[in-house]
Amino acid sequence: MREEKVSFQTVDNVTLRGLFYTPGNSSSSKLPCVVISHGFSAVKEQGLTAVAEYLSSHLPITCLVFDNRGFGESDTRQGAPRLEIDPGVQTSDISDAITYCQTRPEVDADRVGIWGSSFSGANVLWVGAVDRRVKAVVSQAPLMDGWSGFANLLRSDEISGFEADFQKGVLIFFLPLCWEQKFLTFYQDRLARAAGKPPMMIAVVDPNPLNRSAMTTKDSNAAMGGTEERLPTWRNEVTLKR
């Protein structure tokens, strides 16, 4: 199995970076390819490289693993903030990753599949539905219903209060806000950004479940807590707008 650092351009001229894997005993014939992208805030080294290594070591398959734009080693559009999760942009970038793979001499352009997990599990389902070049889709534990996911992360007695805040315009994404802080509305963030101010940021995880963070479960903290120490390309924050 061979690993190669690669980069490619998106349709809006943003450079995305990743790793391309080729079986060590591959012949001169063209091989299928799997494009692998990550979920909420994660970078490619958080499990995706292991998936690509396994596939390319055990099957005659090439793999592309890449960081979503604004995360890890990938760039973002000039003037746009890093660490912002935009599914519309991410799905377009997956299609651009497919285009890049189709240009590689070892790839059979007619046999390209896509693989996603969690947030990107939903992204690949979308791409598989609209991009006819996709021949196979693997969607692992996809985020399919944001509201249900939000409700599952709260105590049942909290849901009605948070639902009322949603109706008043409060932007909450899978998170209970710290009770000592005032609720931040998406209007405040939009107005600030329109005035040229930096975006509001929120922690991805926090060991204190009462503090504001995007993911508050014990499983989330077990998976993401301390990642900055192990992987310097990962940041424990995302923009409030996502």
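Visitor: Why is strand β2 (residues 15–22) called largely enclosed by the rest of the structure?
Guide: Seven of its eight residues are buried, so strand β2 counts as largely enclosed; buried means under 20% relative accessible area, exposed over 50% and partly exposed in between, with a 1.4 Å probe and protein chains only. Strands here are DSSP runs of E with at least two residues, and helices are runs of H or I with at least four, numbered from the N terminus. This is a predicted model, in which local features need pLDDT of at least 70 and side-chain atom pairs count only at pLDDT 80 or more, while totals for chains, interfaces and linings use all residues. Residues are numbered from 1 along each chain as its sequence is written, and side-chain values use heavy atoms, with hydrogens and water left out.

Visitor: Why is Thr-15 called buried?
Guide: Thr-15, which lies in strand β2, has a relative accessible area of 15%, and is therefore buried. Its side chain makes a polar contact of 2.7 Å with that of Gln-9, where the term asks for a pair of N or O atoms within 3.5 Å, one able to donate a hydrogen and the other to accept it within protein, residues adjacent in sequence counting only if both atoms are side-chain atoms.

Visitor: How do you know that Phe-8 and Tyr-100 are stacked?
Guide: Rings of Phe, Tyr and Trp (its six-membered ring) pair if their centres lie within 6.5 Å, and planes under 30 degrees apart count as stacked, over 60 as edge-to-face and the rest as tilted. The rings of Phe-8 and Tyr-100 are 5.3 Å apart, centre to centre, with 15° between the planes, and the pair is stacked. The pair links strand β1 to helix α2 across 92 residues. Phe-8 is buried, because its relative accessibility is 4%, and Tyr-100 is buried at 16%.

Visitor: What sits over the ring of Phe-20?
Guide: The charged end of Arg-104 does, 3.8 Å from the ring centre; the term requires NZ of Lys or CZ of Arg within 6 Å of the ring centre and within 35 degrees of the ring normal.
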